[in-house]
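Reader: I'm new to this one and would like to go through some of the helices. Can we take them a few at a time?

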Amino acid sequence: MQETFQTLVGGLSLGAVYALVAMGFSLVYRTMGLVNFAHADIAMIGAYAASTFYLTSHLPFALAMVVSIVITGAIGLVIERVLRPLENKDFDLMLIGTIGFGIVLQAVAILIWGSTGRAMPSPVRTAPLDLFGVRVRTYDLLVMAVAALAVVGLGFFLSRTKRGVAMQAVAMDHEAATAVGIDVGRSNALAFAIGAGLAALAGGLVGPMLYVDASLGGALGIKGFAAAMLGGFGSIHGAVVGGIAIGVLDSYTAGHFQGYSVLATFLVFTVAIMIRPMGIFGERTVSRA
């Protein structure tokens, strides 16, 4: 029983990271109808940036995270601005463009930081907590708390602020939003910037949990993408549920299937998607194709 709870706690902390990645995917998709395939590599850049400012510049971990979010937010704005002329004209080329940006970001990461990667120590030095015989790392609790705050903050922004409501309107009906005077380009740019910031937050948080290198984006991206699909692409709540589900499943299979853990995780994921192709919450979003 203790081993089960230990696996659950580890899965929840990883799931919180996957949820942040999935939220970034879903936010851009619900606003533009576009899957940003550069999203995973933005998370990798965020992890590298956070580790650099934390380890090399000796900034406090929280401040290093903020700086990395600002950097990746700017990257998101650049990507959106480059792709903007293609919106409603060549959707396929926009998809290819996001893939191209991902390749560029990987090359930039290797050029700046090299290909060997780095280990990032935990910023929380306190000993693990003992809860009913289960040893819980305090950093895992920090990751879950930060992810929860991000979810609440994004939900508040989308439902209670003028910009957030405008983004919701663009997601529901692009043409109607334009007709009532909403700046669609600005909403799309904001979606890219916030999505990139969420990716950086995920990358920075996962740094002390995994090894930071140029392949980190692929590892985070595929699990985050699966989480978004499982929850229902375009659904923020679905991204959270999907992320937690994938994280717990990943942690469980790693403990029981070891070298076959990824295969086992995605076999279960495939069965779930076959049963419910639209995902758990399954929102239908406007297609810009």
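Reader: How many residues does helix α11 have, and how far does it reach from its first C-alpha to its last?
Author: This is a predicted model. In it, helix α11 covers residues 261–275, which makes 15 residues. The reach from first C-alpha to last is 22 Å, close to the 21 Å expected at 1.5 Å a residue.

Reader: Which residues of α11 are buried?
Author: Ser261, Ala264, Thr265, Phe266, Phe269 and Ile273.

Reader: And what do those buried residues pack against?
Author: They pack against α9 and α10, the latter being residues 236–256.

Reader: Switching to α2. How many residues does it have, and what is its reach?
Author: Helix α2 has 18 residues and reaches 25 Å between its first and last C-alpha, close to the expected 26 Å.

Reader: Is α2 largely enclosed or largely open?
Author: Of the 18 residues of α2, 15 are buried, so the helix is largely enclosed by the rest of the structure.

Reader: What follows α2?
Author: His58 follows α2, and its phi is positive, near 60°.

Reader: Back to packing. How do you describe two packed helices?
Author: By the angle between their axes and the distance between the axes.

Reader: Then what are the angle and the distance for α2 and α8?
Author: Helix α8 is residues 184–206; α2 and α8 pack at about 55°, with their axes 7 Å apart. The two are therefore oblique to each other. Their crossing is right-handed.

Reader: Which residues meet there?
Author: From α2, His39, Ile42, Ala43, Gly46, Ala47 and Ala50. From α8, they meet Gly195, Ala196, Ala199, Ala200, Gly203 and Gly204.

Reader: How do the residues of that contact of α2 with α8 divide?
Author: Seven are nonpolar, five are polar and none is charged.

Reader: What about α2 and α9, at what angle do their axes cross?
Author: Roughly 130°, and the axes come within 8 Å; α2 here is residues 39–56 and α9 is residues 216–231. That angle makes α2 oblique to α9.

Reader: Is that crossing left-handed or right-handed?
Author: α2 passes α9 in a right-handed crossing.

Reader: Which residues make the contact?
Author: On the α2 side, Ala40, Ala43, Met44 and Ala47. On the α9 side, Leu216, Gly217, Leu220 and Gly221.

Reader: And by class, what does the contact of α2 with α9 have?
Author: Six nonpolar residues, two polar and no charged ones.

Conventions: Residues are numbered from 1 along each chain as its sequence is written. This is a predicted model: local features need pLDDT of at least 70, side-chain atom pairs count only at pLDDT 80 or more; totals for chains, interfaces and linings use all residues. Side-chain values use heavy atoms; hydrogens and water are left out. Axes are lines fitted to C-alpha atoms, for helices over the stretch in contact, and angles run from 0 to 180 degrees between N-to-C directions. Helices (H or I, at least four residues) and strands (E, at least two) are DSSP runs, numbered from the N terminus. Angles under 35 degrees count as roughly parallel, over 145 as roughly antiparallel, 65 to 115 as roughly perpendicular and the rest as oblique. A crossing is left-handed if the near helix is turned anticlockwise from the far one by less than a right angle, and right-handed if clockwise. Contact means heavy atoms within 4.5 Å. Ala, Val, Leu, Ile, Met, Phe, Trp, Tyr, Cys and Pro count as nonpolar, Asp, Glu, Lys and Arg as charged, and the others, Gly among them, as polar. The expected span of a helix is 1.5 Å times one less than its number of residues. Buried means under 20% relative accessible area, exposed over 50%, partly exposed in between (1.4 Å probe, protein chains only).
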